[in-house]
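Subject: Structure handover

Hello,

Here is the structure I said I would pass on. Please look it over before reading the notes below it.

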Amino acid sequence: LSFTIRIWYIFVSSLIIIYNPTISYNIDSTNNFEKEMTDKLIRKSAIVVGATGFVGSHIVRNLLEKGYYVEGTCRNVLSAQWLFDCMPNKEKLKLHELILDVEATSEHTLARLISDDCKGIFMCAGYEKQEPSTIDFMKNAAMTTLKASEISNVKPCVVLTSSTGSTNLPGAPPDALKNEIDFWSDPELQKSKNKWSPAAKTLMEINSLAFVGRNKKNEVVNAKMADNKPRLCIMNPSLILGPQFKPGKILGNGLPFFERVVRGKTMTEKIWNDSMSIIHVDDLAKLHIGCIENEAASGRYFGVEQSWHWEDICLAIQAAEGDSFRMPPIDYIERTAVTKFDTVRRDTLMADFNLRGLKTLVSQSCEFLRSKEL
C-alpha cells in the first residue's frame, strides 16, 4: 500500500513538473503525502459515551493504545481535562459535551460525531439515582446511541454496558450454568422490589434488541428492520475492580464496596457463604472493544471473569494486604455453590488478550486503594 502511494505521487508530480518546470520534486513532500494518505486509508475511530466514567475511561485508554481516534462525551468538558493527563496518544482524543435526558433522546447531537471511519459507539453512561426514572434514563441513553448510529452513513456497531442484574432467571437452581441467551431477569419482579437499576438494565436490553429487530434470544424476528439497523452488542458485568483514573474520591458502587471489605468495614463478623462475580476494569474494556472488532459479534456477553466464593476472595485480599487485613471467621461447614457462567460467547471476544485471574485483579485493586491513602 505504501509503495503504491509513493509511485502514484511520483507519477503525478512528474506530470506537474512537465507542465510547470518551475516546480521541483521534493522527497520530504513525498514522505508527508505518503504519511497523510496512509493515515487516511487506515484511520479508524470510535465514540465513547460516558468517557470520564470508570469503565468509559478505560475503554478510551484501550482504544487510544490500539490507534483509534476517539470522540468522547461527558457532561462538562472543562472539568474533564484530567482525562488527557492519563491517556496515551492524547492528540487523538477529543471531548464533547452531551447531556443525556430522562425524558428525551439526543441522537442528532451524537450523530454529528460519527465520521465515515467510525467502527463503534460505546454507551457506558450510568444513572446515579435509584428510582423509577432510572429506567427511562437507561432506555433513552441506549436509544440515543442506537438512533445516532442508524441515521449515520456507516451505522457503526453499538455496544451497551449493562450488568448481570439482567441475567437472574427466576426459579433457576443455584448451581445452574448461566448463559446469555436464556437467563433473563423479570423486570416487573425487579420493579416490585424497588430494584430500579437492575430493572432499568433489563428493560434497556429488551428495548434495544427490539429496536434492531431481535428478540431476547437475539433471534431476528423482523428481517426488514434488522437489515437497516446497526449491529448491537451488550456487555453484562458484575463487580468491576481495578484502578480509577479520575482523581479524587473513589466513585461508583463496586470500588467503594470492595474498599469497605478490604478495610474491615463490612463482613467483619463472618465470611459470607456466598460468591461474587468479578472482572478487572481493563479486561472489561478489552471485551467491549472485542465487540466492534469481531464483526460476527451480536447480542449479550458476560462481562465477568468468573465467580469466586468470598473465602477465596478474602484469601486473595490477605495475600495482597498482609497483616493489615484481618481474615473474618468462618462459621459454615459447606460452601454455597458459586455462580457458574457459560463463557463460550465471551471468549470469542478475546482475540489478543487473557483475563487476569483472581490473585492479580485483587492485588492490583488493593494497590490502587493503598495509593489513594497516600
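This is a predicted model: local features need pLDDT of at least 70, side-chain atom pairs count only at pLDDT 80 or more; totals for chains, interfaces and linings use all residues.

Residues are numbered from 1 along each chain as its sequence is written, and side-chain values use heavy atoms, without hydrogens and water.

Helix α12 (residues 310-321) packs against helix α14 (residues 358-373) at about 50°, with the axes 9 Å apart. On the α12 side, D312, I313, A316, I317, A320 and E321 meet L358, V362, S363, C366 and R370 of α14 (contact means heavy atoms within 4.5 Å). Seven of these contact residues are nonpolar, one is polar and three are charged (Asp, Glu, Lys and Arg count as charged; Ala, Val, Leu, Ile, Met, Phe, Trp, Tyr, Cys and Pro as nonpolar; the others as polar).

Helix α10 (residues 254-262) also packs with α12, at about 75° and with axes 11 Å apart. α10 and α12 are therefore roughly perpendicular. F257, F258, V261 and V262 of α10 make this contact with W310, I317 and E321 of α12. Six of the residues are nonpolar, none polar and one charged.

The lining of the second largest pocket divides into six nonpolar, no polar and six charged residues (a pocket is an open set of points on a 1 Å grid where a 1.4 Å probe fits, with protein on both sides within 12 Å along at least five of seven lines; lining residues have an atom within 4 Å of a point). Among them are K44, Y68, R231 and E295.

Regards

How values were computed. Axes are lines fitted to C-alpha atoms, for helices over the stretch in contact, and angles run from 0 to 180 degrees between N-to-C directions. Helices (H or I, at least four residues) and strands (E, at least two) are DSSP runs, numbered from the N terminus. Angles under 35 degrees count as roughly parallel, over 145 as roughly antiparallel, 65 to 115 as roughly perpendicular and the rest as oblique.
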